[in-house]
Amino acid sequence: MVVLAVVSAVGMVVDDRVLAGSAIWFKPLKFSVSLLMYAMTLAWMLSLATRGRRVGWWAGTVVALTGAIEMVIIVGQVIRGRRSHFNYETAFDGLLFNIMAVTIVTLWIGSLVIAVLLFRSRLPDRASAWAIRLGAVIALVGAGLGNLMTQPTPEQQAAGGRGVSDVVGAHTVGVPEGGPSMPLTGWSTTGGDLRIPHFVGMHALQLIPLFLLLLVALAPRLARLRDERVRLRLVMVASGSYAAVLALLTWQALRGQALIHPDGATLTAAALIAAGAIAGTLVSLRTTASREASDVPEKELAA
């Protein structure tokens with residue numbers, strides 16, 4: 001994936017072809033970087049598993065192979081100048097997309113097996129264990145949301161769906177593909193975009209463990225974070241908040257609403273999530289502080 005990311009970056013510079021409103025090498029660049037991060041994180045998580053290590057090795061191998069097949073097809077279609085996703089223009093294009101569908105489902109199952117192994121493994125630090133487990137679960141949900149993009153749009157359904165339309169499925173909701181988009185991400189600025197919850201969900205695999213590592217890094221300066229119970233509670237609050245944000249982004253996209261143009265309902269939901277996260281953080285910190293204060297007389301009496 002590192003090599004492919006470099007090749008795709010060069011392709012962005014030397015190949016000026018545009019497909020579906022985006023530079024043709026942009027998709028393999030995004031996918032290679034995303035799969036690189038995903039595979040490295042899963043490999044690290046597998047190194048922590050204490051049970052079923054051989055099963056984990058096979059699951060990790062399946063993830064690597066299916067990811068590689070996915071990228072071979074994406075790059076092959078770029079070379080041909082054709083869409084890789086949702087493409088039924090010819091029988092061969094449809095076959096390639098169906099192969100991609102099988103590989104991504106197989107990759108998801110391999111990731112599920114790894115998540116199960118992480119739940120069965122006993123890790124010494126409970127905060128770390130739950131950061132890894134919950135990150136893996138939310139990532140599975142985010143990956144599963146990709147299935148929403150494969151469903152025919154109302155316009156495609158009206159045209160008769162597969163067998164009639166050359167393209168079945170879409171990234172966007174309520175607007176045509178290839179319209180105005182955000183820089184770097186390519187997400188729509190005029191309608192809903194299902195790639196947003198898909199992306200945010202999958203990268204919980206990295207972000208929630210990174211949040212735990214941040215707490216550990218701050219522990220030498222903030223005495224309260226040295227308590228494993230505090231870190232565990234904060235990880236739970238962060239994971240719950242992350243899951244709520246993922247649900248909100250999915251709801252927003254399905255309503256055909258652009259990320260950067262939220263309506264009152266979206267802003268209200270976001271405010272409630274933020275308030276819940278702040279309240280949960282304060283309760284986590286204060287509960288421990290009050291318990292420590294109540295333990296002082298007992299410790300003095302015991303002394």
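Let's start at Glu89, which is partly exposed because its relative accessible area is 47% (buried means under 20%, exposed over 50%, partly exposed in between, with a 1.4 Å probe and protein chains only). This is a predicted model, in which local features need pLDDT of at least 70 and side-chain atom pairs count only at pLDDT 80 or more, while totals for chains, interfaces and linings use all residues. Residues are numbered from 1 along each chain as its sequence is written, and side-chain values use heavy atoms, with hydrogens and water left out.

**Salt bridges**

- Glu89 meets Arg82 through their side chains in a salt bridge of 3.3 Å, N to O (a side-chain nitrogen of Lys or Arg within 4 Å of a carboxyl oxygen of Asp or Glu).
- Arg82 is partly exposed, with a relative accessible area of 21%.
- Arg80 and Asp93 form another salt bridge, at 2.9 Å from N to O.
- That pair links distant parts of the chain, with Asp93 in helix α4 (residues 91-120) and Arg80 in helix α3 (residues 53-80), 13 residues apart.
- Asp93 is buried at 0% relative accessible area, whereas Arg80 is partly exposed at 38%.
- A network of salt bridges links Arg80, Arg82, Glu89 and Asp93.
- The structure holds nine salt bridges, and one of them joins the side chains of Glu228 and Arg126 at 3.4 Å, N to O.
- Because Glu228 lies in helix α9 and Arg126 in helix α5 (residues 126-144), this pair ties together parts that are 102 residues apart in sequence.
- Glu228 is partly exposed at 25% relative accessible area, and Arg126 is partly exposed at 42%.

- Helix α9 (residues 228-254) has 27 residues and reaches 39 Å from its first C-alpha to its last, close to the 39 Å expected at 1.5 Å a residue (the expected span is 1.5 Å times one less than the number of residues).
- After α9 comes Gly256, with a positive phi near 75 degrees.
- Arg231 is found in helix α9 and is buried, with a relative accessible area of 11%.
- The Arg231 side chain reaches the backbone oxygen of Leu225 at 2.8 Å.
- Not counting residues up to four places away in sequence, Arg231 touches Asp125, Ala127, Leu212, Leu215, Val216, Leu225 and Arg226 (contact means heavy atoms within 4.5 Å).

**Gly201**

- Gly201 sits in helix α7 (residues 195-202) and is buried, with a relative accessible area of 0%.
- Leaving aside neighbours within four places in sequence, Gly201 is in contact with Ile138, Ala139, Gly142 and Leu246.

- Val2, Val6, Val10, Met12, Val13 and Val14 make a nonpolar surface patch of about 560 Å².
- Val2 has its place in helix α1 (residues 2-14) and counts as exposed, at 51% relative accessibility.

**The whole chain**

- The chain has 10 helices and four strands (DSSP runs numbered from the N terminus: helices are H or I of at least four residues, strands E of at least two).
- Read along the sequence, the pattern is α-β-β-α-α-α-α-α-β-β-α-α-α-α.
- The C-alpha trace spans about 80 × 50 × 35 Å along its principal axes.
- Of the 303 residues, 41% count as buried.
- Among contacts between residues at least 6 apart in sequence, 65% join residues at least 24 apart.

Notes:
Patch = residues over 30% accessible without salt bridge, like charges linked within 9 Å, V, L, I, M, F, W, Y side chains within 5 Å. Areas by Shrake-Rupley, 256 points an atom, 1.4 Å probe, with all protein chains shown as cover. Polar contact = N/O pair within 3.5 Å; in protein donor to acceptor, adjacent residues only side chain to side chain.
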